[in-house]
Amino acid sequence: MISMKYVKVCCLMLIFIISSCATKEDVVYFQNAKDFETIVDTDSFTTKFKVNDILSIYVSTYDLDAVKPFNLFKSNGGTNSEPIDYLVDNDGNIDYPVLGKIKLLGLTVEEAKELFKEKLSDYLKNPIVNIRILNYRISVLGEVRSPGRYNISGERITLLEALSLAGDLTIKGKRKNVLVIRDFNGNKTYTRVDITNKELFNSPVYYLTQNDVVYVEPNNSAISGASGDTRIATIISISSFFLTAALIFVTRN
């Protein structure tokens, strides 16, 4: 005869299985955002140049002949040629024609443009300077639908936009512990954020910088699923057996 001990065991097993399932609190973003709440954006983030940035720099003015020495081109093997790229070296400098070494490390694009205009004023009248970061890309890894490296066309991108590029988190992604790895000129920083909390918008990594890496950690259900599918199936099978036996016992008594 089956005793109540078996019924208790069966119930404990069922509770274990149910508790391993994801809840609303595990997956919903910005849970503490209130209705009609306004968050004032006081962020003034602007991308700054870092070591190993690759830059496109083009100078123009009304005098086309005068500007030629400042715009060098390289041959691509055909009839066309391409503008030369400039690498920010370990000292934060680029080596620019005529002007020589120019320190750009830590400057924004607008600050760099003003610096160039100042240095070019001895050679050109009212120069126009265009600067772009060519290697602005971010990597998104882990529990997202499309992990990979993504090239960014603009000058900044948010963490949420990066996750969107990667197809958003899977149901197995840990939303309360998203890791952003950032390189500050050879020194790496590691910052974890909770995207279920509206305080994400105040995080120093809400705006990503060039070559940031975003890693979404798998949650407990994903880890259990990867290592213990057979174990879970066995527990379910045993639980079903005990539940059936318990029901038979209760019915007969």
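This passage describes the overall make-up of a predicted model and then two of its residues, I54 and K113.

The protein chain contains 6 helices and 14 strands. Of its 253 residues, 34% are buried. The accessible area of the protein chain amounts to about 15700 Å², and 55% of this area is supplied by carbon and sulfur atoms. Among the contacts in the protein chain with a separation of 6 or more, 64% are accounted for by residues 24 or more positions apart.

I54 is located in strand β1, which spans residues 54-60. The relative accessibility of I54 is 31%, and I54 is therefore classed as partly exposed, since that class lies between the limits of 20% for buried and 50% for exposed residues. Together with L87 and L134, I54 forms a nonpolar patch on the surface. The accessible area of I54, L87 and L134 together is about 230 Å².

K113 belongs to helix α4, which covers residues 109-120. The relative accessibility of K113 is 18%, so K113 counts as buried; the limit for this class is under 20%. When neighbours within four places in sequence are left aside, K113 is in contact with V129, N130 and I131.

Definitions and conventions
Residues numbered from 1 in each chain as written. Predicted model: local features only at pLDDT ≥ 70, side-chain atom pairs only at ≥ 80, totals over all residues. Heavy atoms only, no water. Patch = residues over 30% accessible without salt bridge, like charges linked within 9 Å, V, L, I, M, F, W, Y side chains within 5 Å. Areas by Shrake-Rupley, 256 points an atom, 1.4 Å probe, with all protein chains shown as cover. Salt bridge = Lys/Arg side-chain N within 4 Å of Asp/Glu carboxyl O. Helix = DSSP H or I, 4+ residues; strand = E, 2+ residues; numbered from the N terminus. Buried < 20%, exposed > 50% of the residue type's maximum accessible area, 1.4 Å probe, protein only. Contact = heavy atoms within 4.5 Å.
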